[in-house]
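Please keep the sequence and the model in view while reading the points below.

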Amino acid sequence: MRDLKQILLTTALVGIAGISLVARGQPATTDDLRVRLVYTGRSLGVLGVLRDPDEHELLVEAAAREKLAVRMRTLRGWRAGHVTVYSPAGDLSVADLSAVVAGRITFEPAHTRRALTSNNAVLLQLADGRDLLGLLRTNVRANLEFPDLRPADVVVREGRTPDGRTVIGVAETKEPWPADPAAWSEGQVNRLEVDGAALDELAVNLGQLGPRATIVQRARDGASPAAPALLVDLGHRDGDLGLDRIDRSRLDYTALRSLGYRVVVPYELELALGGTGLADLASRFPQIRLLASNVKASGATGPPIVSRHIVEIAGVRIGLIGLVDPDLKGLLAKSALADFTFEAPVAAAVREIAALRQEGVQAVIALSNLHPRDNNYVAREVAGVDAIVADLHVRWSPEDIETVVDLPGRPYLRPGSPALVTRSFANGLGVGVLDLSFRRGSDGAPYLARLVHRLESVTDRTAADSALVQRLGDQARAGERPRGDVLVPPFEDLVRARPTLAAFDNVTALGRISKRMWEEFLARLVRNSVRAEVAVLRKLPHFPQAIGALDEADVRAWLWTEDALVTVVATSAPSFAIENVRATRRAFSNARNRAPSSSRSVVATR
């Protein structure tokens, strides 16, 4: 009976989807032609970098169980590939990095040290004392929730700056350190001091353009010589990364053009430019086509957005549609939103797929920056799409993935659900490759016979395309704004001033500002600054680990639109006046100036 149920279940799955899943490693069949699509999910573009080293939480929790105090600091260091350079004494400057690269700092002979490595971090203890790595491993969550956290040997070198500060270099391999300054980028080190010993957590940089460029080029080189790869991008998240919006968009599209991208599904940054701004961007980068099936420009002079696109590669015609997340309507400024008309994704997809089939394409691919639940809905409701290329919203520990789908029933099946909905990563954390293999039927026409999807994570453990990074860095620095003053001190200082903040919630108990604390702080700050009854804050798409001090640029990166803060002032019921708080810095500065001692008192209590 059990075998019969298994057979019936397998038959039902094959009948519904019209596919058979082939296990990895099974011999591949011979294909006449392979067409490669290389894609990247939504990201912060050239200037985007994310980190999520949460392994230190294991030590904080283990220490708490033994009633041991934990002191935690965040240090700025530098990373290149598998190498991290930092100083336990404090932040390393650009000048310090130059001294390291130029050989002006003499390092002692290298020695190996036992460490723990994961997808997101390297943890090591440099000095003798209480075994903090061992203490961390006593946390039962280490094995259950961090299976990627494994013992490894690292190469450690120690040197001193001319002014006497200790500089530590940690390498995960024995390869020489990169000598090109453009290969290095800012890094983050969390230092935890427990029971007289110290543990350093070296964060891996995620989603940077330099490693992504290397992976994209490698994927392009792997395409069939007869069928060049098609590069597509699912759009850019908006964010204040030190450049004005128009300058940042030009920088991001310069990178896309340099890498050979040909199609972009517009997302938050593109649409936030408004019709005129996006039209200007499109005119500067005519090689890149804007594809959106469910978004149209409202004005006659709007950007050239196409609703469907056909590419012909080695005699195979592939139809593309682009699906834009309608939730953006709640994020865009009214001035930008007025320039675009949104349509329901399902209705747009049905219309454009029917048109593409009428035009004789051999495959239809939907490029989507929709929410994952909406991708599933499209897959259920729309017939005739062969694959949906999309990303997941949150994935902070990237992994490499491979999926193989054989289509043995083609070309004799009616249009149905997609054979594949890709499991990619948002926030620039992955590069996806979708290989479409075609055979020729008895009539000589090509048909889709197989899909192979591979996903490679983007971390700075992959060597960066330093030449491209250097060119783009020069362009970015031309319009970059200064980082500004420190607006929020390190969390350790906050707790010292207000000890109750450590117990605000389960995140603050781990030694950092929580998203909930930040939102409540902002709400109280806005209400007090403008004497409002209600403060409305936009949803934060990403909340980094706030351990160290936050300067103006850090705060701007989270509150980056002129409509980010809205206050509702009750004047006389039932009338309300709505005021946009456009000057975030002024609000912080005013609050800080009112505080009798320091900015610590700005972060109120619960």
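This is a predicted model: local features need pLDDT of at least 70, side-chain atom pairs count only at pLDDT 80 or more; totals for chains, interfaces and linings use all residues.

**Helix α3**

- Helix α3 covers residues 94-101, and its buried residues are D96, L97, A99 and V100.
- Viewed down the axis of α3, these buried residues fall within an arc of 160 degrees, so they line one face of the helix.
- An α-helix has 3.6 residues a turn, so residues three or four places apart point the same way.
- The exposed residues V94 and A95 are carried on the face of α3 that is turned away from the buried side.
- At the start of α3, a side-chain oxygen of S93 comes to within 3.4 Å of the backbone nitrogen of A95.
- Just after α3, G103 adopts a positive phi of about 80 degrees.

**The chain as a whole**

- The protein chain contains 17 helices and 29 strands.
- Of the 606 residues in the protein chain, 53% are buried.
- Counting contacts between residues at least 6 apart in sequence, 75% join residues that are at least 24 apart.
- The protein chain has an accessible surface of about 26800 Å², and carbon and sulfur atoms account for 52% of this surface.

**Aromatic pairs**

- The structure holds two aromatic pairs.
- F107 and W177 form an edge-to-face pair, with 5.3 Å from centre to centre and 75 degrees between the planes.
- This pair links distant parts of the chain, since F107 lies in the loop between α3 and β5 (111-117) and W177 lies in the loop between β8 (166-171) and β9 (185-194), 70 residues apart.
- F107 has a relative accessibility of 13% and therefore counts as buried.
- The ring centres of Y253 and F285 are 5.9 Å apart and the planes meet at 55 degrees, so this pair is tilted.
- The pair of Y253 and F285 also links distant parts of the chain: Y253 belongs to helix α7 (residues 245-259), and F285 to the loop between α9 (274-284) and β13 (289-291), 32 residues apart.
- Y253 and F285 are both buried.

**Charges over rings**

- R157 lies over the face of W177, at 4.8 Å from the ring centre.
- The charged end of R42 sits over the ring of Y267, 5.1 Å from the centre of that ring.

- H236 is found in the loop between β11 (230-233) and α7.
- Is H236 buried or exposed? H236 has a relative accessible area of 2%, and because this is under 20%, H236 is buried.
- The side chain of H236 makes a polar contact of 2.8 Å with the side chain of E270.
- Neighbours within four places in sequence aside, the residues in contact with H236 include S43, G45, R248, D252, Y253 and Y267.

**Helix α9**

- The buried residues of α9 are G274, G275, G277, L278, A279, L281 and A282.
- Helices that cover the buried residues of α9 include α7, α8 (268-272) and α10 (334-337).
- Strands in this cover include β13, β15 (305-306) and β18 (340-342).

Terms used. Residues are numbered from 1 along each chain as its sequence is written. Side-chain values use heavy atoms; hydrogens and water are left out. Buried means under 20% relative accessible area, exposed over 50%, partly exposed in between (1.4 Å probe, protein chains only). Helices (H or I, at least four residues) and strands (E, at least two) are DSSP runs, numbered from the N terminus. The arc is that of the directions from the helix axis to the C-beta atoms. A polar contact is a pair of N or O atoms within 3.5 Å; within protein, one must be able to donate a hydrogen and the other to accept it, and residues adjacent in sequence count only if both atoms are side-chain atoms. Contact means heavy atoms within 4.5 Å. Accessible areas come from the Shrake-Rupley method with a 1.4 Å probe; for residues, only the protein chains shown count as cover. Rings of Phe, Tyr and Trp (its six-membered ring) pair if their centres lie within 6.5 Å; planes under 30 degrees apart count as stacked, over 60 as edge-to-face and the rest as tilted. A charge sits over a ring if NZ of Lys or CZ of Arg is within 6 Å of the ring centre and within 35 degrees of the ring normal.
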